Amino acid sequence: MLFRSTLKGKDTISIQQCSSYTDPGYTGYSSTYGTLTSSVVVSSSPTFNNMLTGTYVFTYSLTDPGNNVATPQYRYVIVSKDTTPPKLIVANPDTTFLEVKKLPFNPLPIPKVVSANDLCDGNLTGSVTIDTSSVQTNILGIYRITYSVTDLHRSVERRVGKECRSRWS
């Protein structure tokens with residue numbers, strides 16, 4: 001008698017912390033009873049949590065109506081540390097033009113942060129730092145403005161592409 005449960009996809013899957021996980025599937029079959037996929041029991045040890053790093057073992061067990069037990073199948077899901085940086089969006093323009101003045105602009109009219117979002121930590125817009133320390137509005141020049149945000153796993157997203165150009169009025 002042919003009797004088995006079969007995994008679809010790979011038996012070892014790696015994902016990053018906080019990423020979603022969808023089981024690729026499985027089947028159950030008996031030459032006597034036909035398709036038994038709905039009878040496959042799936043359990044994990046420890047209980048699966050995509051927020052916690054570790055190796056999770058999913059066990060696929062099948063017992064047919066005649067109480068015959070198929071050899072269990074195993075899938076390993078490895079959840080690794082989050083290394084994906086937050087996504088930082090800064091408004092346009094990429095270049096800001098300012099007239100050279102004796103006194104510095106306060107506040108400096110630079111592009112605003114639109115959003116900063118992280119897969120694990122969510123909205124980090126309020127945590128964005130903007131470094132304008134190189135900008136000297138009283139000296140003709142081209143200056144870089146650095147926007148950055150760091151998530152709780154120390155992944156950093158930096159956007160340096162904004163310029164501040166001073167010019168004579």
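Cys-164 counts as buried, because its relative accessibility is 1%; here buried means under 20% relative accessible area, exposed means over 50%, and partly exposed lies in between, with a 1.4 Å probe and protein chains only. This is a predicted model, in which local features need pLDDT of at least 70 and side-chain atom pairs count only at pLDDT 80 or more, while totals for chains, interfaces and linings use all residues. Residues are numbered from 1 along each chain as its sequence is written, and side-chain values use heavy atoms, with hydrogens and water left out.

Let me turn to confidence. The term pLDDT denotes the predictor's confidence in each residue, from 0 to 100. The protein has an average pLDDT of 91, and 98% of the residues score at least 70. Strands, labelled E, are DSSP runs of at least two residues, and helices, labelled H or I, are runs of at least four; both are numbered from the N terminus.

I continue with the cysteines. How many disulfides does a search of the whole structure find? The search finds 1 disulfide, a disulfide being a pair of cysteine sulfur atoms within 2.5 Å. Cys-18 is joined to Cys-120, with 1.7 Å from S to S. The link of Cys-18 and Cys-120 is right-handed, with 110° about the S-S bond. This pair connects distant parts of the chain, 102 residues apart: Cys-18 is in the loop between strand E2 (12–16) and E3, and Cys-120 is in the loop between E10 and E11. Both Cys-18 and Cys-120 are buried.

The next topic is the sheets. In general, strands of a sheet pair through backbone hydrogen bonds, either parallel or antiparallel. Two strands are counted as paired if DSSP finds at least two bridges between them. Strand E3 (residues 26–30) pairs with E4 in the antiparallel sense over 2 bridges, and Tyr-29 stands opposite Thr-35 in E4.

Ser-30 also has its place in strand E3. Is Ser-30 buried or exposed? Ser-30 counts as buried, at 0% relative accessibility. Its side chain reaches the backbone nitrogen of Tyr-33 at 3.1 Å.

A further open sheet of 3 strands has the order E8-E10-E11, again with antiparallel pairing. At the edges stand strand E8 (87–90) and strand E11 (122–123), each with a single partner strand, so one side of each is left without a neighbour in the sheet. E8 and strand E10 (residues 113–118) pair in the antiparallel sense over 4 bridges; the bridge partner of Val-90 in E10 is Val-113.

Strand E10 also holds Ser-115, which is buried with a relative accessible area of 16%. Contact means heavy atoms within 4.5 Å. Not counting residues up to four places away in sequence, Ser-115 touches Lys-87, Leu-88, Ile-89 and Thr-125.

Ser-61, in strand E6, counts as partly exposed at 30% relative accessibility. Leaving aside neighbours within four places in sequence, Ser-61 is in contact with Ser-39, Val-40 and Val-41. The C-alpha atoms of Ser-61 and Ser-127 are separated by 47 Å, and these residues are 66 apart along the chain.

I close with the aromatic rings. Rings of Phe, Tyr and Trp (its six-membered ring) pair if their centres lie within 6.5 Å; planes under 30 degrees apart count as stacked, over 60 as edge-to-face and the rest as tilted. By this rule there are 5 aromatic pairs. Why is the pair of Phe-48 and Tyr-56 edge-to-face? The planes of the two rings stand at 70°, with the centres 5.0 Å apart, so the pair of Phe-48 and Tyr-56 is edge-to-face. Phe-48 and Phe-58 form a tilted pair, at 5.6 Å centre to centre and 50° between the planes. Phe-48 lies in the loop between strand E5 (41–45) and strand E6 (54–61) and Phe-58 in strand E6, so this pair ties together parts that are 10 residues apart in sequence. Phe-48 counts as partly exposed at 24% relative accessibility, Tyr-56 as buried at 4%, and Phe-58 as buried at 9%. Tyr-21, Phe-48, Tyr-56 and Phe-58 form one aromatic cluster.

Technical notes: Polar contact = N/O pair within 3.5 Å; in protein donor to acceptor, adjacent residues only side chain to side chain.
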